[in-house]
Amino acid sequence: MADLSEIMTANPAKYQEELIKRLDALKRKETFCDVTVAVKGKEFKAHKVVLAAASPFFLSLWESNMVESNEQRIEIKLEEATASVFEDVLQFIYTGNVSVTEESCHKLIATADYLLLPGLKTLACRFMRDELTVQNCVFTYYFAEKYQCEQLKLACCEEICSNFTDVMETEDFLNLDVKQVMEWVSRDDIKVDAEEEVFMGIVKWVSHNKPERQASFFGLLRQVHLISISKAFLRKTLVQQEPVTTSNVCVNFVLESIIDENTSVSKAPRKCLI
C-alpha cells in the first residue's frame with residue numbers, strides 16, 4: 001500500500017483512486033473485515049459498509065429486522081452465484097473493474113441482477129453484445145429479456161432481424177415455442193431475400209417436432225406474406241409441402257391466395273421486399 005501522504009491530495013480523482021486501492025488492499029488482507037459471505041461452500045471476508053454502499057441488496061439486508069441483519073456470516077444461495085463469480089463480484093464492488101469472460105458472463109449478469117448491481121450487469125451485457133453471432137443471438141435475446149438487459153436485447157433483435165434466414169436454421173430457433181416463433185415471423189422488420197425463406201423456415205421448425213407442432217402450422221402459415229411469393233412457387237412447391245398437404249384448411253388458404261392475390265388473407269409485402 002502506498003504511503004499515507006498519497007491519499008492526502010486536493011485532486012478528487014486521485015483521492016478516489018487511492019481510496020479504492022486502499023479499500024481493496026484491506027479486503028485482500030482481511031483487515032477490519034466484519035462480515036463473511038458464503039457462496040457454494042467458499043467463504044469471503046468483506047466490509048459491511050462497503051457492501052452496503054455498493055449494493056441495495058446488502059443495504060436492505062442489514063437495515064431489515066431479518067435474522068441475517070445481526071449475523072456476521074451470510075450465505076448467497078442463488079444457483080448462478082458460484083464462488084468464482086462472487087469473487088468477480090467482490091472485485092467489482094471494491095474496484096469498479098472486472099474481467100468478463102464467455103464462461104462467466106451469464107452468471108455474472110444473473111448474480112448482479114440478484115444483488116442489484118446495475119453497473120456490473122452493464123459491463124457483462126456489453127461483453128455479450130460484442131460477442132453476438134447468428135448462432136447465439138436467439139438464446140441471448142431471451143436471456144436478456146429475462147434479466148431486463150434492454151440494450152443487449154435490442155442488439156440481439158437487430159442481429160436476428162438482419163440475418164433472419166440464417167437465424168431460422170439455428171438450433172436455438174428450432175427449439176423456440178410456437179408463441180415465440182409467431183412473434184418473429186409476424187414482424188414486418190425481419191430481413192429476408194425472399195418471402196419463400198420465411199415459409200421454408202416455418203416448415204423446418206414444424207418438422208423439427210412434427211407430432212407436437214403440426215397443429216400450430218396454420219397459425220404460422222397465416223403470417224407468411226403470400227403476396228410476395230410467386231404463383232409458380234405457390235403451385236409447385238409451397239402447396240406440395242407436407243404440413244400444407246395434411247390440412248385442408250392450409251390447402252384452401254393457399255389456393256385462395258393463388259386464385260386472388262387481393263384476397264383478405266394476403267398481407268402487404270414486408271418492408272425489406274418492397
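Author: Let's begin with helix 6, whose buried residues are Leu120, Lys121, Ala124, Cys125 and Met128. Buried means under 20% relative accessible area, exposed over 50%, and partly exposed in between, using a 1.4 Å probe and protein chains only. This is a predicted model, in which local features need pLDDT of at least 70 and side-chain atom pairs count only at pLDDT 80 or more, while totals for chains, interfaces and linings use all residues. Residues are numbered from 1 along each chain as its sequence is written, and side-chain values use heavy atoms, leaving out hydrogens and water.

Reader: How do you know that the buried residues of helix 6 line one face of the helix?

Author: Looking down the axis of helix 6, its buried residues fall within an arc of 135°, so they line one face. The arc is taken from the directions that run from the helix axis to the C-beta atoms. Among the elements covering these buried residues are helix 4 (83-95), helix 5 (105-115), helix 7 (137-146) and helix 8.

Reader: Why are helix 6 and helix 8 called roughly parallel?

Author: The axes of helix 6 (residues 118-130) and helix 8 (residues 150-162) cross at roughly 10° and come within 9 Å. Angles under 35 degrees count as roughly parallel, over 145 as roughly antiparallel, 65 to 115 as roughly perpendicular and the rest as oblique. Helix 6 and helix 8 are therefore roughly parallel to each other.

Reader: Which residues meet where helix 6 and helix 8 are in contact?

Author: Contact means heavy atoms within 4.5 Å. Cys125, Met128 and Arg129 of helix 6 meet Gln151, Leu152 and Ala155 of helix 8.

Reader: Which residues of helix 17 are buried, and which exposed ones does the face turned away carry?

Author: Cys250, Val251, Phe253, Val254, Ser257 and Ile258 are buried, while the face turned away from them carries the exposed residues Asn248 and Ile259. The buried residues fall within an arc of 160° seen down the axis of helix 17, so they line one face.

Note on methods
Axes fitted to C-alpha atoms, helices over the stretch in contact; angles between N-to-C directions. Helix = DSSP H or I, 4+ residues; strand = E, 2+ residues; numbered from the N terminus.
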